[in-house]
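This report describes the fold, the chain contacts and some local backbone features of one structure. It begins with overall dimensions and ends with individual residues.

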Amino acid sequence: MAKVTIDGHSIEVPDGTTILQAARMIVQDKNYEGENIAPPTMCYYSKLKTSGGYCRTCIVKVTKGSEKDPRPMPKPVASCRTTVMDGMEVVNITSPEVLEARKGVVEFLLINHPLDCPICDQAGECHLQDLGYEHGLAKTRYDFSRRTFNQIDIGPYIKLHMTRCIMCFRCIKVADQITNNRYQGMLFRGDASEISTYIEKAIDNDFSGNVIDVCPVGALTDRTFRFKSRVWFTKPMDAHRNCTTCSGKVAIWMKGNDVLRVTARKDKWGEAIDWICNECRFEKKDAKDWVIEKPSHIDRHSVISQNHYENLAQLKLDISKQQKQIAGKK
Amino acid sequence: MGKKLLIHNDNVPGIATLEVYRQNGGYASVEKALKTMTPADVVEEVKKSGLRGRGGAGFPTGMKWSFLAKPEGVERYLVCNADESEPGTFKDRYLMEKIPHALIEGMITSSYALGAKTSYIYIRGEYFYVARILEQAIEEAYAAGLLGKNILGTNFSHDCYVQVGGGAYICGEETALLESLEGKRGNPRIKPPFPAIAGLYGCPTVVNNVETIAAVCPIINMGGDEYAKIGIGRSTGTKLISASGHINKPGVYEIELGLPVEEFIYSEEYCGGIINGRKLKAVVAGGSSVPILPAELILKNDKGEARLMSYESLSEGGFATGTMLGSGGFIVYDETSSIVKNLYTFARFYHHESCGQCSPCREGTGWMEKILHRIVEGHGKPSDVDLLWDIQRKIEGNTICPLGDAAAWPVASAIRHFRHEFEEYINHPERIKDVKHYYSVNQLAGA
């Protein structure tokens, strides 16, 4: 076990835990009250091995290396790939230096991003949008033309829109780790690099649709859902069906009685809880296919968590309370 | 004359062949090490010598070797980094091309010290003809029983291979080199684990520069203590310097560390002064990535003491007034050169060579290049200099590998020491039109 202190909050974690995981443990604790000290992530995905370390949004400063070697680390480190040592002290949101560096990273991620949120299907549940809202500048300082790519259809279900990509490599790791074949990879170098299937080969695998769920931006989108609706107009419901390939536990996004899209259920950090298969995701678009359990709980500070069942319920309570108060006064 | 240990017999005819090389005292260190010393002795001698990595970072080699993990039953590897791609650096090419056996000899001795049964020389693709020279030298060594099974009748066996890379700057970074050597895309790995624990094929690996490995031979021959007497302070031994730019005698020079910079530039033995008797303007002391220094700061440090060619003296004053010895790519600029144009060239290089893995470097290098291009073309904006400064500050230290720092330092130092030149470009674009690239804006302002 190792004791680590992040922004003044201490926790005991097993050896081999990363700083990021430790920070998430602190925040997830029921008794925790305070600000969210978990660093934001764009490329790290706890369910994918060797993910993380690329986007640099989760950088933190280690002010004390460990009990044995108290020297601070000279450079900011990627918290998702740095394991804790006993007695380590880390600063995240309490360090202006870290916040400044993170702001820089967000700016770098945005300079070649098209900012086409008004027509992007991911808008409302986009991690880059949230990150830009929290750490970005209101105005861009980049006044050159942005890099663009042609849109590619990867098979009948998935659209690759490289222009929006921020190179998190999650989709490559999905293709590597949960599907049998490695179809995707990185081509070219520097800011000309792109994720590609090289010969625009259709990804043909039962679990390939999960690349859509792991994509933090709108680079990989569901072709069966494209331009159907803004995500915040749809209602997420936990649902399941008997599926022979996957667990069948999904979230369906409904508008009225129509199922507009099916995704994996997401946790607090926006990560899929169970991978789901392509049949569930793309082919079961009828409410009769599903056993609806309850409205999905969305525990995320983003547009997507507005307007939801629980919030509405809360809102109604508030309104009735106010009405009672008003009535009382009269 | 300074002492020469590495290229003292580079002009002997036929030194590239094993026969002539052995007549000139070659492979003595292999015989001495294998027959009279234990591997631990060799490491101890290298530690005593105070030899520091010649590739750029200057990390003590003996210490690096002693960090190598030695688990039972796991292969260990020695990898020679011959991916010399830093603009301004060409010393390794000279050494490998002229005296290939010096490297092979160092590889055998070092591998013996590390207990490595296999070693690789990873050479950049552009040096294809050098790879052929090395392969021939290796063949000769195999025929003479210096490589292969039971070298010189001892029970040490060793194989050495040359691997040609694709010619990417990033593959000079040790973990990217290992990835490339494994046949993958040359992207730097995230450290830890360091190569000394999990390197090539997940096995403990030491990656050393060509010159570092070649320097092991004289250390074993003369003894670590004797070697440590050469040089100054913690900068021991000799160093190959690739001198280029506006000097009378560009080329590769072997110097004793501790030589005054002024002597190196102006003496007849080395660079022979500035071309056409012009004045010195600036120097990049260790390859394109180290900070550029103006003439007054490279000859004397901020305390007024003469600057010496050594790891410590060159970095005196930190990055505010100092620089680094780096890989020894010594580029000299005379008064006619334009620092802004030069910086644009460097920025273009780093943009082209960024691997695209982590965001600050991928996006930042391209952004800096675009801004510099605009300035050089006469369309700069007054806010551009501050913007450049801010971008480089946000790249430095926030990337996976040191390429981000390497791209940021030249920009930072050029703005720090030559800000007026940027402002000249931005405020008076009419003065830079139709001008050949080597004329400085200062001269034009006077004209």
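## Overall dimensions of chain A

What radius of gyration does chain A have, and what value would a compact globule with 330 residues have? In this predicted model, chain A has a radius of gyration of 21 Å, which agrees with the value near 20 Å that a compact globule with 330 residues would have. Along its principal axes, the C-alpha trace of chain A spans about 70 × 60 × 45 Å. The secondary structure of chain A consists of 7 helices and 14 strands.

Buried residues make up 40% of the 330 residues in chain A. Taking the contacts in chain A between residues at least 6 apart in sequence, 62% join residues that are at least 24 apart.

## Overall dimensions of chain B

For chain B, with 447 residues, the corresponding globule value is near 22 Å, and the radius of gyration of 22 Å agrees with it. The C-alpha atoms of chain B fill a box of roughly 75 × 45 × 40 Å along the principal axes, and the chain contains 19 helices and 13 strands.

Of the 447 residues of chain B, 57% count as buried. When the contacts in chain B with a separation of 6 or more are considered, residues 24 or more positions apart account for 72% of them.

## Domains

The domain assignment of chain A gives domain 1 (2-95), domain 2 (112-223) and domain 3 (225-330). The centres of domain 1 of chain A and domain 3 of chain A, taken over C-alpha atoms, are separated by 31 Å.

Chain B is divided into domain 1 (18-229), domain 2 (232-334) and domain 3 (339-446), and the C-alpha centres of domain 1 of chain B and domain 3 of chain B lie 36 Å apart. The contact of these two domains takes 10 residues from domain 1 of chain B and 9 residues from domain 3 of chain B. On the side of domain 1 of chain B that touches domain 3 of chain B, the residues divide into 7 nonpolar, 2 polar and 1 charged.

## The contact between the chains

The contact between the chains takes 23 residues from chain B and 24 residues from chain A. On the side of chain B that touches chain A, helix H15 (339-353), helix H16 (359-376) and helix H17 (384-395) of chain B each supply at least two residues, and the largest share, 9 residues, comes from H16(B). The residues of this side of chain B divide into 7 nonpolar, 11 polar and 5 charged.

## Sheet pairing in chain A

Strands of a sheet pair through backbone hydrogen bonds, in either a parallel or an antiparallel sense. Chain A has an open sheet of 5 strands with the order E2-E1-E5-E3-E4 and mixed pairing. Strand E2 (9-13) and strand E4 (77-78) of chain A stand at the edges with a single partner strand each, so one side of each is left without a neighbour in the sheet.

Within this order, strand E1 (residues 2-6) of chain A and strand E5 (residues 88-91) of chain A pair in the parallel sense over 3 bridges, and A:Ile6 stands opposite A:Val90 in E5(A).

## A parallel strand and its partners in chain B

Strand E2 (residues 118-123) of chain B is mostly covered, with 5 of its 6 residues buried. Strand E1 (residues 77-82) of chain B runs parallel to E2(B) and is joined to it by 6 bridges, while 6 bridges also join E2(B) to strand E3 (residues 159-164) of chain B, again in the parallel sense.

B:Ser119 in E2(B) stands opposite B:Leu78, and in E3(B) its bridge partner is B:Cys160. From E2(B) the chain crosses through helix H7 (residues 128-143) of chain B to E3(B), and this β-α-β crossover is right-handed.

## Local backbone features

The peptide bond from B:Lys191 to B:Pro192 is cis, with omega near -5°, and a cis peptide bond with omega of about 5° joins B:Pro192 and B:Pro193. B:Pro192 is placed in the loop between helix H8 (174-181) and strand E4 (205-209) of chain B, and B:Pro193 is likewise in the loop between H8 and E4 of chain B.

In chain A, A:Phe188 has a positive phi near 65° although it is a residue other than glycine, and its place is in the loop between strand E8 (185-187) and strand E9 (194-196) of chain A. A:Phe188 is exposed, because 10 other C-beta atoms lie within 10 Å and the cut-off for exposed is 12 or fewer. A:Phe227, also not a glycine, has a positive phi of about 60° and is found in the loop between strand E10 (220-222) and strand E11 (235-240) of chain A. With 8 other C-beta atoms within 10 Å, A:Phe227 is exposed.

Methods:
Residues numbered from 1 in each chain as written. Chains lettered and ligands numbered in written order. Predicted model: local features only at pLDDT ≥ 70, side-chain atom pairs only at ≥ 80, totals over all residues. Helix = DSSP H or I, 4+ residues; strand = E, 2+ residues; numbered from the N terminus. Rg over C-alpha atoms; globule rule 2.2 N^0.38 Å. Buried ≥ 20, exposed ≤ 12 C-beta atoms within 10 Å, placed from the backbone. Contact = placed C-beta atoms within 7 Å. Nonpolar A, V, L, I, M, F, W, Y, C, P; charged D, E, K, R; others polar. Pairing = 2+ DSSP bridges. Right-handed = clockwise from strand over helix to strand, strands pointing away. Domains from an automatic or database assignment.
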